[in-house]
Structure formats: structure tokens, C-alpha cells
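The tour below goes from stop to stop, saying what to select and what to look for.

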Amino acid sequence: MAGVNCTDFTRIENTIVVSDIHLTDAEPPHPRNPLWKRFKRPAHFVDRKFTSFLEHLCSSMQGPIELILNGDIFDFDSVMALPEKPRPHLTWLEKVRGLAPEEPKSRFKIQVIMADHAIWMTALRNFILAGNRVIFIIGNHDVELHWPSVRQDIIDKLDLPEERRSLMRFCEWFYISNQDTLIEHGNQYDHYSLILNPVNPLIKKGAKIYMRIPFGNLAGKFMLNGIGLMNPHADSSYIKNSFWEYILFYYKYVMRTQPLLIWTWFWSAMVTLVYSLSEGLLPAMRDPLTMDARVQEIADRANTTPQVVWTLKEVHVHPAVFNPVKVLQELWLDRAILLGLIVVGSFQFFSVLNVFVAISIWWFVTLVVLLMPAFIFYARSVVSGVMPTIEAALRLSPLSARIARVKRVVHGHTHIEQHTSIDGIEYLNTGTWSAAYHDVECTKPYGRKCFAWIKPGGPDGNRIAELYEWKDDGIERIQPVVVQK
């Protein structure tokens, strides 16, 4: 395909949208625990599939092509590699759960990711050298792309000639393609994963400046990074259907390798609680003198106006960090607290009664047993926040489309591919390309490697959108579901 230097990002014929690849560092072998984070082993990388995918695009389409990498392309939260020399000061928590989102440490993480995914980076470089454009939209797992130096590290690693560097662009949380499609990662409709202030994402703690990480990502970083038998990309790997499934999973996998899992979960959840609530309440760093210029830059990169930027910023759900009960429920700490109260309260009642009347310890056990149905009833009444996130994205997409003056919205984030319409707005979700598996052995893949293709062919010269799955031998169209009213 002939290379064309496309500097006008406002017009394009063919747009490809991919999201949630979750590139991170390679997990080193664990001889005594071969299943530990197996999904992070190079054998499960999607680099070669992605290379074949880009090569197919270049050979089958008239260029230039607009490739939109719609958030969570890099997974900074899962990086566990630590710098050796020169070694910065590391806290004990960083040593066991990964580096903090400070600028130098974020730069180290992106360098590690790019080194471990050299094949993926080469594929992207060749795609740009062919004259195609690439737009990165920041998601919740790669929020550290907000650091300008991290973006520059990516550009430098691609080693593009000067005339091709203008074909790359980084957007804060949305992008408008060809004035007909609004593309967002979709985390702003997730109570647990939204960026509180995507215009000003930095916070200051003492003398240090950090990127504010969403609550859901802190939970993944502090909890799942220490529970290596559970895949963070597939809820089914750690959310079971019944109590007995948890018992079976513990007996089959955990008992031999991580017998103190409950303690690991508890202290990790407590750390997540403290970090999420304390950082969530900190004010965003902002400079009133440069605010207009900042918003104008965001608007220019997204092909829109500052007014649209400000309005879309307000279209989000209520952050979970402002609702401590939701945070406790998501971390399962509410159930731990309730169970603790039952045990402590029963023992206290037994102790007081035993002062006046000598009674058997079985009275304490009986009281705990009598109170357990109430605990089980409460525990079963707490529902996951996954489905409300999907519903919120669908419910708010017509509003965001009207703000952006488009008829189509494309999201990622949920890892669930979808093509439907609601209130006259076409809605697509491109699912995930991550190493997601239902099982510890990584033999039962979760999801399909999907992408949205927006192309010419509609009435009056308008573009149409279709959802496809990439397979080793080509692409297969996914039929849209029944139109919603």
C-alpha cells in the first residue's frame, strides 16, 4: 500500500478500532509454581496475532487507514518488574505490588513493556511507515500515558522518521473520527474505574506528584498482583457461582501454593481502601493560567471544540470513592467486618453471661451458628458492579453522541463485544484482545479478538460500522443484536 502522509485527522475513509490489549511485562518462570500468572507468559502474548492483523489490513484496504487503539493497550498496573541500577527509593509496597505512578517510574514501566513486546512495537512501526495513522486513547489501565515523557518514550521507541511522527496522536479519553463517530474507552461510565478528572489527572502527596489511579485499578494492583492464580482480565477466574466452587478452587490450586490467601486478600484490600479513599479525596492539580490552553489541546487532538470537551467531561457516573459502602462491598471488606462483628459480638455476649452463670463454650458456637443465616443473606444480596457499568454505558451513549454531534459511539473497557443501537444511536463495543482465560491452566480463552471497522458504503456517502472477529485465517463479521428502543 502506498504511503501517504496524512496530517489532516478530521477526514478518513477507513477507521479500525481495537481496545483492551493489556500489554504488560512478561512473568518470569516459577519452577515451584508453574501456574503462577501463566497468562503473563510470552506464550500467551497476542503480538504475532496483532502483527498478522495489521498486515491483513494493509493488504486488503485502500490507504490510509486510521487505527484507533481505544484504551488499556498498555497495562501499567500489572507491571511487577523493578529497576536495578540506578535504583530509586522503593517502598515495601512497591517491592511486592509494583511501582507507584510517579513519572520516572511510569517511564521505567513503559520501557519494560515495550522491550517485552518488541514484536508488537515493530508491527505498529511498520503500519505507520506504510502511511497509516495511529491514535491512542487513554484508558484506566494506561492512565500513566498522561505523562508527556511516557508518550515521548513510545514515539522514540518506534524510531519513526520525522515526516511520519505526525501520524501518531494521543487523546485523553475520547476521539471523534470523521465527524461521525465518538470513540471512548468507556471507563468514565464505570463507578470503579473512571478517572476523576481526565483534564487534570495529577495529584500531589507531600512533595511528590502522582498520577491519580482509579479505585478499580488500585484493587487490581494491590490485590490481584499478589494473587497470581487469578486472571484479572476475566471475572470468571476469581468470581465463582457458589461457596462450594470457592472451596474447590482453594483445595485444587491455592492450598499448596498460597495457603495464606485469605490474609493476602485482607491486608491487600485494606491497603486498597486506604489508598483509594485518601487519594480520591485529594484535589486535582490545576493551573488556572494554563487551563484554557490545556483544554484547547485536548479538543484539537480529539477533533472537536473546548465546549464539547467540558461537556463530555461531565457525562460520567458517580465515583465509587465517594461512596465508602460501595468500596467496602467491592473489596468484600463489608462481609469480613460483618462476620467479625458476629464472632466478636457472640463471644462478648458469651463472656458476660458466663460471669453470672457457668455455661459451656457451645453456647458461643450456637449463637454464631444462629446468626450465620443473616450473614449469608446479606452476602448473597451484594451484587457485582459489572452489569450496571454496561447499562450505564448504553444509557449515556445517546447523550454523549448528541454532545459530540455524531450518530455512532464505540467503547471498549467491559471486555464484552457488542453491536446494537439505542435511542437512534449506533453502539459498538470491541471487547478485548487480552490474555483472558476462564481457567488457571489458560486452556479456556475468554472473549474474541474483535474490532470495529467503520468504512464507506452507507447512503448519501455516509460511513457504516461493522463488528468483526480477527481469526488466524482472516476476519469474520459479527451480526448486530436486535435494535433496542
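In which loop does C442 lie? Select C442 in this predicted model, and you will find that C442 lies in the loop between β11 (425-429) and β12 (450-456). Its phi is positive, about 60°, although C442 is not a glycine. Most residues other than glycine have a negative phi. C442 counts as buried because its relative accessibility is 10%, and the cut-off for buried is under 20%.

Next select D72, which is found in the loop between β2 (65-70) and α2. D72 is not a glycine either, yet its phi is positive, at about 55°. Is D72 buried or exposed? With a relative accessible area of 1%, D72 is buried.

**The seven-stranded sheet**

Now select the strands β4, β3, β2, β1, β12, β13 and β14. In that order they form an open sheet of seven strands, and the pairing is mixed. β4 (168-171) and β14 (474-478) stand at the edges; each has a single partner strand, so one side of each is left without a neighbour in the sheet. From one strand to the next, the twist averages 25°.

Within this sheet, zoom in on β1 (residues 14-18) and β2. The two pair in the parallel sense, over five bridges. Strands of a sheet pair through backbone hydrogen bonds, either parallel or antiparallel.

**The five-stranded sheet**

Clear the selection and pick β5, β6, β9, β11 and β10. This is the order of an open sheet of five strands, again with mixed pairing. Which strands stand at its edges? They are β5 (174-177) and β10 (418-422); each has a single partner strand, so one side of each lacks a neighbour in the sheet. The twist here averages 20° from one strand to the next.

For a parallel pair in this sheet, select β6 (residues 181-184) and β9 (residues 408-411), which are joined by two bridges. L182 has V409 as its bridge partner in β9.

**A hairpin**

Select residues 202-205, strand β7, together with residues 208-211, strand β8. These strands run antiparallel and are joined by four bridges. L202 is bridged to M211 of β8. Two residues lie between the strands of this hairpin, where G206 takes a positive phi near 65°.

**Two helices side by side**

Select helix α1 (residues 47-60) and helix α4 (residues 118-129). How far apart are their axes? The axes are 8 Å apart, and the helices pack at an angle of about 10°. That angle makes α1 roughly parallel to α4, because angles under 35 degrees count as roughly parallel. To show the contact, select D47, R48, F50, T51, L54 and C58 on α1, then A118, I119, W120, A123, L124 and F127 on α4. Sorted by class, the contact has nine nonpolar, one polar and two charged residues.

Select residues 261-280, helix α8. Its 20 residues should span 28 Å at 1.5 Å a residue, and the end C-alpha atoms are 27 Å apart, which agrees. The buried residues of α8 include L261, W267, V271 and E279. Show what surrounds them: the buried residues of α8 pack against α2 (92-97), β7, α6 (215-222), α7 (243-257), α11 (324-331) and α12 (333-356).

**Helix α12**

Move on to α12, one of the elements that the buried residues of α8 pack against. α12 has 24 residues and reaches 35 Å from its first C-alpha to its last, close to the 34 Å expected at 1.5 Å a residue. Colour its buried residues: L333, D334, R335, I342, S346 and F350. They pack against α8, α11 and α13 (362-381).

**Last stop: I155**

Finally, select I155 in helix α5 (residues 148-158). I155 is buried, with a relative accessible area of 16%. Which residues is I155 in contact with, leaving aside its neighbours within four places in sequence? They are L160, R165, M168 and F170. Then draw a distance from I155 to R38: the two are 117 residues apart in sequence and 30 Å apart in space, C-alpha to C-alpha.

Note on methods: Residues numbered from 1 in each chain as written. Predicted model: local features only at pLDDT ≥ 70, side-chain atom pairs only at ≥ 80, totals over all residues. Heavy atoms only, no water. Pairing = 2+ DSSP bridges. Axes fitted to C-alpha atoms, helices over the stretch in contact; angles between N-to-C directions. Parallel < 35°, antiparallel > 145°, perpendicular 65-115°, else oblique. Contact = heavy atoms within 4.5 Å. Nonpolar A, V, L, I, M, F, W, Y, C, P; charged D, E, K, R; others polar. Expected span 1.5 Å × (residues − 1). Buried < 20%, exposed > 50% of the residue type's maximum accessible area, 1.4 Å probe, protein only.
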